[in-house]
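Welcome! Please take a look at the sequence and the structure below, and then we can walk through a helix pair and a ligand together.

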Amino acid sequence: MNALTATNRNFRYAARILGLDSKLERSLLIPFREIKVECSIPKDDGSLATFVGFRIQHDNARGPMKGGIRYHPEVDPDEVNALAQLMTWKTAVAAIPYGGAKGGIGCNPRELSMSELERLTRVFTQKIHDLIGIHRDVPAPDMGTNSQTMAWILDEYSKFHGHSPAVVTGKPIDLGGSLGREAATGLGVFFATEALLAEHGKSISNMKFAIQGFGNVGSWAAKFFHEHGGKVVAVSDITGAIKNPNGIDVPALLKYKKSNKSLNDFQGGNAMDLNDLLVHECDVLVPCALGGVLNKENAADVKAKFIIEAANHPTDPEADEILSKKGVVILPDIYANSGGVTVSYFEWVQNIQGFMWEEEKVNHELKRYMMSAFKDIKTMCQTHNCNLRMGAFTLGVNRVAQATLLRGWE
Ligand SMILES: NC(=O)C1=CN([C@@H]2O[C@H](COP(=O)(O)OP(=O)(O)OC[C@H]3O[C@@H](n4cnc5c(N)ncnc54)[C@H](O)[C@@H]3O)[C@@H](O)[C@H]2O)C=CC1
Ligand SMILES: O=C(O)CCC(=O)C(=O)O
């Protein structure tokens with residue numbers, strides 16, 4: 001199912017549970033602004049390459065719009081639209097004063113040189129600079145982008161508007177980035193998993209984890225699970241997948257990946273088929289890569305008892321139904337991966353304050369926000385007798401609806 005259809009369906013279901021007025025429902029669903037730009041750059045060999053960039057600004061009732069920028073060949077307007085909408089509900093679930101947005105460029109960053117990536121990022125920034133801003137829309141990294149990408153956006157934006165560190169988050173520390181932001185999504189995933197397992201009388205220790213994606217989110221999450229006694233029994237990325245029933249030595253894998261840029265031929269496990277990771281024997285499945293990976297084709301074969309949605313919309317509604325019938329507990333994306341945007345908020349606050357927090361304070365505050373959101377979601381689940389996804393959706397949608405009603409339309 002298309003990402004936007006799936007996200008709209010979840011939103012409509014939540015709106016029905018909340019009994020939202022149909023006009024308000026329509027107003028919340030339609031994005032505030034959709035930006036599509038042509039980005040042409042000279043390649044290193046002198047030839048011209050043209051890419052299409054998007055920034056979808058979904059909603060700003062609760063504050064400046066916030067969300068990452070993705071570089072991936074499959075970026076399309078519907079997916080960016082869905083991801084922008086998810087950011088609106090996510091920032092509301094996290095109770096941070098933002099709306100939602102998302103951006104992306106349809107490109108394969110693995111096939112572009114550093115200087116080509118820099119030119120592409122600068123051209124994209126030139127096209128959107130007057131529509132983003134510290135109190136308007138604040139980008140951050142997502143799949144295929146990182147702190148270097150944010151540094152280029154900051155530099156290009158500052159040429160038009162003066163030095164503005166708070167216009168992006170997930171920046172390098174030397175440019176005003178926050179301590180703890182790089183690890184934040186993975187650490188938030190760890191706190192969220194700990195809270196969910198505790199509800200079920202379990203702990204991270206000795207649970208078996210299968211992790212799809214070993215980039216920013218997946219590698220940090222794996223590190224935290226491993227450090228707390230979890231057994232990471234399978235890991236995959238775009239280059240391959242490995243398994244080890246006794247638990248992979250995650251620090252050794254991190255070192256291997258850093259020097260080899262690939263998981264292939266890692267000696268601490270056996271190679272397995274990429275697609276088998278999602279149905280591998282484990283207690284906890286943690287998708288940390290693309291959307292829509294759990295669908296009606298593979299949901300019935302999932303062995304995990306818990307799914308932690310570290311990626312955005314990894315489970316489509318058809319899979320949701322199959323998995324819930326099997327009794328699999330799913331911790332939804334708009335809560336599970338909200339640690340990233342929460343520490344982005346701390347970064348923005350630090351930039352505005354002109355004051356840098358200790359990493360310990362960042363992580364302490366992150367845990368506090370994650371625990372508080374979990375409690376709020378559980379309350380919604382009890383109030384509306386619904387699962388965790390609808391608990392999170394009703395929580396987020398209700399907060400945005402209240403802000404919208406309070407502001408009015410005049
Ligand atoms: N970076 C962040 O702070 C946040 C990221 N997310 C979400 O987490 C997910 C991952 O994002 P990042 O880690 O930032 O991206 P990344 O670009 O750092 O890493 C993505 C990983 O997925 C792997 N991958 C791609 N296709 C794959 C496939 N078919 N099978 C297995 N692995 C595959 C890549 O090789 C890479 O290891 C995305 O859905 C993103 O939207 C959500 C919240 C915050
Ligand atoms: O850190 C941020 O502002 C956004 C992170 C993001 O794109 C996401 O949570 O999906």
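## Some ground rules

Ala, Val, Leu, Ile, Met, Phe, Trp, Tyr, Cys and Pro count as nonpolar, Asp, Glu, Lys and Arg as charged, and the others, Gly among them, as polar. This is a predicted model, where local features need pLDDT of at least 70, side-chain atom pairs count only at pLDDT 80 or more, and totals for chains, interfaces and linings use all residues. Residues are numbered from 1 along each chain as its sequence is written, while chains are lettered from A and ligands numbered from 1 in the order in which they are written.

## Around ligand 1

A residue is near a molecule if its C-beta atom, placed from the backbone, lies within 6 Å of it. Around ligand 1 there are 24 such residues, and Gly213, Gly215, Asp237, Ile238 and Gly340 come nearest. Two elements, α7 and β7 (231-237), each give two or more residues to this shell. Helices (H or I, at least four residues) and strands (E, at least two) are DSSP runs, numbered from the N terminus.

The largest share, three residues, comes from α7. By type, the shell around ligand 1 has 11 nonpolar, 11 polar and two charged residues. Domain 1 (30-176) and domain 2 (182-336) each supply at least three residues to the shell; the bounds come from an automatic or database domain assignment.

## Where α6 meets α7

Which residues of α6 meet α7? They are Glu182, Ala183, Thr185, Gly186, Leu187, Val189 and Phe190, in contact when C-beta atoms, placed from the backbone, lie within 7 Å. The contact of α6 with α7 comprises nine nonpolar, three polar and two charged residues.

Key. Two residues are in contact if their C-beta atoms, placed from the backbone, lie within 7 Å.
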